[in-house]
Amino acid sequence: MIRLQNVSKNYGGRPALTNISLHIALGEFAFLVGPSGAGKSTLMRLLYREEMPTSGNVFIGGVNLNRLHKKQIPLLRRRLGIVFQDYKLLPRQTVFANVAYVLRALGVNEKDVDKRVNSALCVVNLDDKGEAYPDELSGGEQQRVGIARAIVNGPPVLLADEPTGNLDPATSLEIVQLLERISERGTTVLISTHDQPIVNAMRKRVISLRNGEIIADVDSGVYEVGSTG
Ligand SMILES: Nc1ncnc2c1ncn2[C@@H]1O[C@H](COP(=O)(O)OP(=O)(O)O)[C@@H](O)[C@H]1O
Ligand SMILES: [Mg+2]
């Protein structure tokens with residue numbers, strides 16, 4: 001579902017990713033770990049075509065993102081759910097409206113918007129908060145709104161870049177367990193994080209980046225800071 005072939009990315013001649021090859025299968029759940037500056041966000045941005053590789057190929061569901069025309073990018077983004085560290089909610093819109101935003105932009109009729117938003121809010125356990133505003137919610141609840149927004153269109157792939165970066169440990173674990181439940185429904189989930197306890201609690205695939213290179217990729221793995229590098 002996600003494939004990188006010999007991908008390198010330089011910023012102004014400085015390498016951020018070097019010769020990355022990687023495959024993440026349909027329905028798989030994987031962590032992308034590494035210290036700050038390792039290249040996690042760069043890799044994520046390549047997957048949603050916010051950036052283009054300097055060399056190599058990136059595929060989502062068999063589509064080579066290098067070959068996408070600008071006007072096809074919205075189509076790609078519709079097939080990706082993206083979750084951000086800072087939630088990126090619209091502050092003056094209700095929870096419901098935040099989650100409904102994309103569907104309304106796509107011209108989905110209000111009856112279906114209603115159904116799909118309520119269903120997404122149920123998945124994240126916020127079906128009673130639709131009329132609330134983001135600043136009335138805790139950080140964990142705001143991130144659950146971010147996740148509802150990401151899944152409302154039923155994307156096959158969910159990307160989360162440091163989704164627990166602003167949350168306390170207990171809330172972080174809840175968020176990651178929620179993402180695990182979403183992957184169990186058939187969604188491919190990739191989470192970038194440097195949160196060691198969370199990764200170690202989950203025993204999932206762990207892809208380790210260091211200085212823009214993959215230094216380890218193990219199933220049911222742990223994140224050992226300071227190991228091999
Ligand atoms: N837009 C950019 N312009 C220039 N350098 C960048 C840019 N984004 C990231 N970098 C550099 O690329 C490297 C990897 O950064 P990043 O992908 O943000 O790592 P991480 O998300 O793991 O912290 C770092 O050295 C960073 O300074
Ligand atoms: Mg980052």
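Predicted model: local features only at pLDDT ≥ 70, side-chain atom pairs only at ≥ 80, totals over all residues.
The largest nonpolar core comprises 41 residues, of which Phe 31, Val 117 and Leu 179 touch the most other members. Two or more residues of this core are contributed by each of the strands β3 (29-33), β7 (157-161) and β8 (188-193), and by each of the helices α3 (95-105), α4 (110-123), α5 (139-151), α6 (169-184) and α7 (196-202). Beyond residues up to four places away in sequence, Leu 179 is in contact with Phe 29, Ile 147, Leu 158, Ala 160, Pro 163, Val 189 and Ile 191.

Arg 205 belongs to strand β9, which spans residues 205-210. The relative accessibility of Arg 205 is 10%, so this residue counts as buried, the cut-off being under 20%. A polar atom of the Arg 205 side chain lies 2.8 Å from the backbone oxygen of His 23. With residues up to four places away in sequence left out, the contacts of Arg 205 include Leu 22, His 23 and Ile 24, as well as Glu 28, Phe 29, Ala 30 and Phe 31. Arg 205 also touches Asp 217, Val 218, Asp 219 and Ser 220.

Helices α3 and α5 pack with their axes 8 Å apart and at an angle of about 30 degrees. The two helices are therefore roughly parallel to each other, since angles under 35 degrees are classed in this way. Their crossing is right-handed. At the contact, Val 95, Asn 98 and Val 99 of α3 meet Val 145, Ala 148 and Arg 149 of α5. Asn 98, located in α3, has a relative accessibility of 2% and so counts as buried. Apart from residues up to four places away in sequence, Asn 98 touches Val 145 and Arg 149, together with Leu 89, Leu 90, Gln 93 and Pro 134.

Helix α1 (residues 40-47) is mostly covered, with 6 of its 8 residues buried. The buried residues of α1 are Lys 40, Thr 42, Leu 43, Met 44, Leu 46 and Leu 47. After α1 comes Arg 49, which has a positive phi near 60 degrees.

Conventions:
Residues numbered from 1 in each chain as written. Chains lettered and ligands numbered in written order. Heavy atoms only, no water. Core = buried A, V, L, I, M, F, W, Y, C linked by side-chain atoms within 4.5 Å. Buried < 20%, exposed > 50% of the residue type's maximum accessible area, 1.4 Å probe, protein only. Helix = DSSP H or I, 4+ residues; strand = E, 2+ residues; numbered from the N terminus. Contact = heavy atoms within 4.5 Å. Polar contact = N/O pair within 3.5 Å; in protein donor to acceptor, adjacent residues only side chain to side chain. Axes fitted to C-alpha atoms, helices over the stretch in contact; angles between N-to-C directions. Parallel < 35°, antiparallel > 145°, perpendicular 65-115°, else oblique. Left-handed = near helix turned anticlockwise from the far one by under 90°.
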